Structures are given as structure tokens and as C-alpha cells.
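Student: Could we go through this structure together, one question at a time? I'd like to see how each answer is reached.

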Amino acid sequence: MRPAPASRIAAARSTGTAHRIPSPLADPDPGSGLDPVPGLDPGPGPSQDPDPDHQPTARRFAGVATMIGSGLSNQTGAAIGSHAFPVLGPIGVVAVRQYVAAIVLLAVGRPRPRSFTWWQWRPVVALAVVFGTMNLSLYTAIDRIGLGLAVTLEFLGPLCIALAASRRRADACCALVAAAAVVTLMRPRPSADYLGMGLGLLAAVCWASYILLNRTVGRRVPGAQGSAAAAGLSALMFLPVGIAVAVHQPPTASAVAYAVTAGVLSSAVPYLADLFTLRRVPAQAFGLFMSVNPVLAALVGWVGLGQNLGWTEWMSIGAIVAANTLSILTRRG
């Protein structure tokens with residue numbers, strides 16, 4: 001839940017989705033074919049090495065271990081944040097998470113907003129709005145339909161970006177599989193929460209928009225300044241929200257601790273982990289792992305929150321993950 005910025009992982013990082021702070025070095029779904037953000041150097045690594053097989057095994061193992069830890073941190077953070085919902089509500093938890101994301105990105109990006117032109121500010125402002133909307137819709141969906149289903153629906157954003165630009169038959173088949181899985185998840189039944197599902201789909205639209213906007217911001221603003229400025233602006237937008245929540249229902253120390261922990265685990269940790277990972281594993285491997293996040297979310301929701309899914313939901317999640325995996329594995333180059 002991968003917040004926050006890529007040209008996104010998302011989610012990503014995210015993400016995405018979460019969800020988490022997207023890395024400024026790559027798309028939330030590297031299988032989408034989008035380029036890394038211009039102006040940033042991801043450093044030497046397998047994604048830049050013409051022959052990744054020559055990379056030391058230890059470096060690859062460290063990269064894979066970091067990806068696993070990052071994914072678990074992202075989903076665990078969302079699960080922990082949900083414990084603050086009864087006191088702060090999803091909007092209060094998201095407000096705290098936006099503050100944490102802003103602190104991390106502003107420290108790393110060090111933007112100089114006074115030097116920005118209006119041509120640069122326009123996509124930055126749009127990115128800030130999308131960033132906040134993405135996390136708010138996702139966390140509200142988590143509150144209504146559970147972590148696993150919410151993250152699965154959100155993951156459709158980067159998956160659609162990956163498939164939309166392709167004219168391959170394999171990708172067309174993957175799109176049909178994913179669409180069938182979504183129809184199955186949203187089938188009419190007495191217990192269906194269509195508002196929650198709609199919010200999950202809104203998070204997916206926001207994540208897709210996040211990917212495209214980060215691409216524009218990366219071209220217009222040097223380095224990570226644009227992403228950092230967007231995170232800071234989004235935090236400012238949520239400042240009145242945080243004050244209103246605190247005045248209406250004074251938060252408990254435990255609720256604030258849950259929300260801050262969610263911000264750290266779902267924003268700061270995945271962001272730093274992505275910086276480490278993208279220097280050690282090929283972009284294709286990174287994209288494949290990102291597709292496993294819906295499964296991780298479902299497992300964390302089941303183990304940590306007691307959110308049980310039926311076999312139909314598990315099959316639908318598996319179909320969406322398989323569609324993305326097949327799309328990446330069948331790509332050339």
C-alpha cells in the first residue's frame with residue numbers, strides 16, 4: 001500500500017498500494033514498461049547491468065529478502081493502522097500517514113518550491129490530490145471490505161496501466177482473466193459491500209493516475225523534488241482534517257501509536273527498502289514480486305485481523321496475480 005513516488009511502483013510501492021510511498025526510482029509495476037523518473041540515478045544494479053547473471057548471489061538474495069520484508073511491512077502497517085479506525089476513523093489514520101510520508105520524502109527530496117514554475121506546479125498539485133485520495137479510498141475500503149480484497153482491487157490500477165498500452169494477444173488474455181476475477185469478486189450477494197468495493201476501485205484509478213502523474217512530474221521537476229513537494233502539499237491538505245478529527249474525538253495514545261506505526265511500516269520502510277532493492281534485482285523480478293502483494297495482504301488480514309476469505313475470493317485474487325505474472329513473464333526484452 002504502496003504511498004507514495006514513482007513514475008510508481010505503489011505501488012505501487014503501492015503503491016500502491018497501497019498504499020505505501022512509491023519509490024522515485026521505478027514504476028509500481030515495472031512490467032508496465034514505463035521508464036524510471038528522469039533525473040534520478042538508481043545506481044548500479046541488475047536492472048542496469050547488461051548481464052544480470054554476473055551479479056553476486058548474495059546481493060540477489062539480499063534484494064529478494066528485502067522485497068519480502070517490504071511487502072510484509074507494507075501490509076502489516078495497513079493492518080495495524082486499522083486498529084485505530086474505531087477512534088480516528090480511516091480519515092484520521094490516513095492524515096497521520098500523510099504526515100509521516102511527507103516527513104520522509106521532504107527529508108530525502110529536499111524540494112525548493114520557490115523555484116517551481118506554474119508549469120511544474122500543475123502536475124505536482126494534481127499528484128498531491130491523487131496521493132491523498134488514493135490512501136483515503138484504500139483505507140476506507142479496508143475498513144469496509146477487509147485488507148485482502150481492498151488491496152486486490154487497488155492493484156488493478158497498475159495492472160491496467162501495464163496491459164493498456166500493449167497489443168499482444170497474451171496481454172489481452174490476461175486482461176480478460178483479471179476482468180473475470182473482478183466480476184466474480186463483485187458478484188451480487190447479500191453480504192456484498194458495494195460501497196467498499198467501489199472505494200477499492202477508486203483507489204485503483206488513483207494508483208493508475210499516480211503512475212502517470214509521477215512520470216510527468218519526473219520530467220518537469222529535477223530529482224525527487226516534485227514527489228517530495230507533492231507529499232508535503234498533501235500533508236498540508238490533511239492538516240485541517242487531522243485537527244478536526246482531534247477536536248471532534250480526542251485521540252488516545254494507543255490510536256495515535258497505531259496510526260504512526262502504519263505510516264512508518266507502510267510508507268517509510270517500503271520507500272527505503274525499494275531504494276535498496278532496485279539496485280540488486282532486475283526490474284522484471286521487482287514487478288513479479290509486486291504482483292504478490294494482494295496475496296500478502298489477504299494473508300496478513302487473515303492471520304492478523306481474522307478476516308477470512310472464501311474459496312471464491314481466494315481464486316479471484318489468485319487469478320489477478322496470475323494475470324499480472326503471466327503478462328510480465330511473456331514480455332520480451
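Student: What should I know before we start?
Tutor: This is a predicted model, where local features need pLDDT of at least 70, side-chain atom pairs count only at pLDDT 80 or more, and totals for chains, interfaces and linings use all residues. Residues are numbered from 1 along each chain as its sequence is written, and side-chain values use heavy atoms, leaving out hydrogens and water.

Student: Are the axes of α4 and α5 roughly parallel or roughly antiparallel?
Tutor: Helices here are DSSP runs (H or I, at least four residues), numbered from the N terminus. Axes are lines fitted to C-alpha atoms over the stretch in contact, with angles from 0 to 180 degrees between N-to-C directions. For α4 (residues 147–154) and α5 (residues 156–164), the axes come within 5 Å and cross at roughly 25 degrees. Angles under 35 degrees count as roughly parallel, over 145 as roughly antiparallel, 65 to 115 as roughly perpendicular and the rest as oblique, so α4 is roughly parallel to α5.

Student: Which residues of α5 does α4 meet?
Tutor: Contact means heavy atoms within 4.5 Å. On the α4 side we have T152, L153 and E154, and their partners in α5 are L156, G157 and P158.

Student: How many residues of α5 are buried?
Tutor: Buried means under 20% relative accessible area, exposed over 50%, and partly exposed in between (1.4 Å probe, protein chains only). In α5, L156, G157, P158, L159, I161, A162 and L163 are buried, and what covers the buried residues includes α4, α6, α7 and α12. Out of nine residues, the buried count is seven.

Student: And how do the residues between α11 and α12 divide by type?
Tutor: The axes of α11 (residues 293–305) and α12 (residues 311–329) come within 9 Å and cross at roughly 155 degrees, which means α11 is roughly antiparallel to α12. P294, V295, A298 and L299 in α11 meet W314, I317 and V321 in α12. Ala, Val, Leu, Ile, Met, Phe, Trp, Tyr, Cys and Pro count as nonpolar, Asp, Glu, Lys and Arg as charged, and the others, Gly among them, as polar. The tally is no charged, no polar and seven nonpolar.

Student: What is the distance between the closest N and O atoms of R144 and D193?
Tutor: They form a salt bridge, meaning a side-chain nitrogen of Lys or Arg within 4 Å of a carboxyl oxygen of Asp or Glu. R144 sits in α3 (residues 118–145) and D193 in the loop between α6 (169–185) and α7 (194–220), 49 residues apart. R144 is partly exposed at 41%, whereas D193 is buried at 19%. The closest N and O atoms are apart by 3.1 Å.

Student: Is the F131 and Y210 pair stacked, edge-to-face or tilted?
Tutor: Rings of Phe, Tyr and Trp (its six-membered ring) pair if their centres lie within 6.5 Å; planes under 30 degrees apart count as stacked, over 60 as edge-to-face and the rest as tilted. F131 and Y210 are 5.7 Å centre to centre, with 50 degrees between the planes. That makes the pair tilted.

Student: How far apart in space are F238 and A95?
Tutor: F238 is in α8 (residues 225–248) and is buried at 8%. Among the residues F238 touches are I91, A95 and Y99. F238 and A95 are 143 residues apart in sequence, but C-alpha to C-alpha they are apart by 5.4 Å.

Notes. Helices (H or I, at least four residues) and strands (E, at least two) are DSSP runs, numbered from the N terminus. Lists of a residue's contacts leave out its neighbours within four places in sequence.
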